[in-house]
Amino acid sequence: MEENSRNNHSDDNSPEQKRPKRQRSSNSTTYAAQIRIKREVRARFQKVKEILAKKHDDRTEDEKLILSHSNDVLEEMARREEGKRTRNSKTVEHEDDPETLEDKCRNLSEIIRTAKQLVVYTGAGISTAASIPDYRGPQGVWTLLRKGKQVKTGDLVEAEPTFTHMSIVKLHQMNLVQYVVSQNCDGLHLRSGLPREHLSEIHGNMYIEVCPSCSLEYVRLFDVTEQTAFRRHATGRRCHQCGEVLRDSIVHFGEKGDLGPPHNWPQAAEQARKADVVVCLGSSLKVLRKYRCLWCMERPAARRPKLCIVNLQWTPKDESAFLKIHGRHGGMRAIRPLSRATTAGTLAGRCDQVMALVMKELQLTVPAYCKSQDPILRLATPLFEFEGQTSNKHVDGVIPKLEPATEDESHDANVHRCRCVADDMTWREETRQDVSEKEGPTPSWFGKGMCARKKRTR
């Protein structure tokens, strides 16, 4: 017994048992040393900055001596300043003069006319004419947030498709554009009349909620993201078919899309592989360039699609672009007048101006948007009466409370299913949320940091 106790005692004091403690102590010492070094470096940089802020004649001999022994700090400061200038230059909006703009648009129209398989990638820049701010422009969401300014947005449901949206629809009708891949969540491509089978909204659609169980889609007449946020996608409604909680289709920054429609990633990748021309409209491509399947990066550069970019700012694809077009800030005054038929609607955005010149060269008339013929009115699924409180907006087309089923209706599986859902008192209590008392900007997807993240209830 004493021998076993002695063995146990010797095991407790063995080097193998003490090593983790020494290791932890060593790690703590290393971490403390790293913190101390960082503080010393930061103090050196701060001291050199203070000395450089003074005039040369006002510096003491000690300060001049410090500068003479701080060449490494001065070189690092110069490198950082150069990097800052480079980053700022990439946010500057450049403009083409009228003659150059017309020449480039003429080239683009010829490329569109001769393309065999043309795919269009669109970004937030094509929706600025609809009073929807972009992200990285001078008045963009991220730009204003970085400056500490408040982002003001109106009701995005009131926005209407722009001239660029309608131009894309016309080009598709003329079989000049085969597919559209959009980063926008505003749903304006869908509302412009572009067929859904020719559209991939890779970051979602603010009008669409999806059942994660049976993949059934519900198109609404209002913004379904009023109660959703980053990694919180439940909309407060349930599927009429299986009763599962519905979720929005938005892909927030830092998330990955895992839905079929409206993302349609397989179709987007397939169309990108077939394309011989890719036209990018109103996108900085800083996010889009990360999707390798859209750029055929596995091919040699000579065998990739011909790339045309329409954007005011620098993009990471500029060097590989066949054609880069900048818009014109001063509107269309400096450019030859366009026919009324070509410019149906209002040219309020830079992409609109470019597309007006392109459509003129192609001799195509762009149809005006008609709200009464908006496809979303035909595709929308109305709410049940007890679902009305799941949205803080006035919603038209609410299904009234269902009366008891008749003998004929009792044999209809669809009617029976809808009545079972409507009579589910548990669901009714779960969906009765007074969203009108919630504060904060809507929709939740609009801008990084725009909506507060709530703690999950466990």
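Ser215 sits in the loop between strand E4 (208–210) and strand E5 (217–219); helices (H or I, at least four residues) and strands (E, at least two) are DSSP runs, numbered from the N terminus. Although Ser215 is not a glycine, its phi is positive, at about 60°. Ser215 counts as exposed because its relative accessibility is 55%; the cut-offs here are under 20% relative accessible area for buried, over 50% for exposed, and partly exposed in between (1.4 Å probe, protein chains only).

A word on what you're looking at: this is a predicted model, where local features need pLDDT of at least 70, side-chain atom pairs count only at pLDDT 80 or more, and totals for chains, interfaces and linings use all residues. Residues are numbered from 1 along each chain as its sequence is written, and side-chain values use heavy atoms, with hydrogens and water left out.

Now hop to Asn264, in the loop between strand E7 (245–248) and helix H9 (265–274). Asn264 also isn't a glycine, and its phi is positive, near 50°. Is Asn264 buried or exposed? Asn264 counts as buried, because its relative accessibility is 10%.

Back to E5 and what follows. Arg220 lies in the loop between E5 and strand E6 (234–238), and with 0% relative accessibility it counts as buried. What do the polar atoms of its side chain find there? The side chains of Arg220 and Glu209 are joined by a polar contact of 2.5 Å, and the Arg220 side chain also reaches the backbone oxygen of Thr381 at 2.8 Å. A polar contact here is a pair of N or O atoms within 3.5 Å; within protein, one must be able to donate a hydrogen and the other to accept it, and residues adjacent in sequence count only if both atoms are side-chain atoms. Leaving out residues up to four places away in sequence, Arg220 touches several others, among them Tyr207, Arg237, Leu246, Ile376 and Leu383; contact means heavy atoms within 4.5 Å.

Next, the sheet. Six strands form an open sheet in the order E3-E2-E1-E8-E9-E10, with parallel pairing; two strands pair if DSSP finds at least two bridges between them. Its edge strands are strand E3 (199–201) and strand E10 (323–325), each pairing on one side only. From one strand to the next the twist averages 15°, with axes being lines fitted to C-alpha atoms (for helices over the stretch in contact) and angles running from 0 to 180 degrees between N-to-C directions.

Follow the pairing along. E1 and strand E2 (residues 179–182) run parallel over four bridges, with Val119 partnered by Tyr179 in E2. Strand E1 (residues 118–122) is joined to E8 by five parallel bridges, one place to look being Val120, whose partner is Val279. E8 in turn pairs with strand E9 (residues 306–310), again parallel and over five bridges, and Cys280 stands opposite Ile309 in E9.

Why is E8 largely enclosed by the rest of the structure? Five of the five residues of E8 (residues 277–281) are buried, so the strand is largely enclosed. In a regular strand the side chains alternate between the two faces of the sheet. In E8 both faces are covered: Val277, Val279 and Leu281 are buried on one side, Val278 and Cys280 on the other.

Zooming out, the protein has 13 helices and 10 strands, and buried residues make up 44% of its 458 residues.
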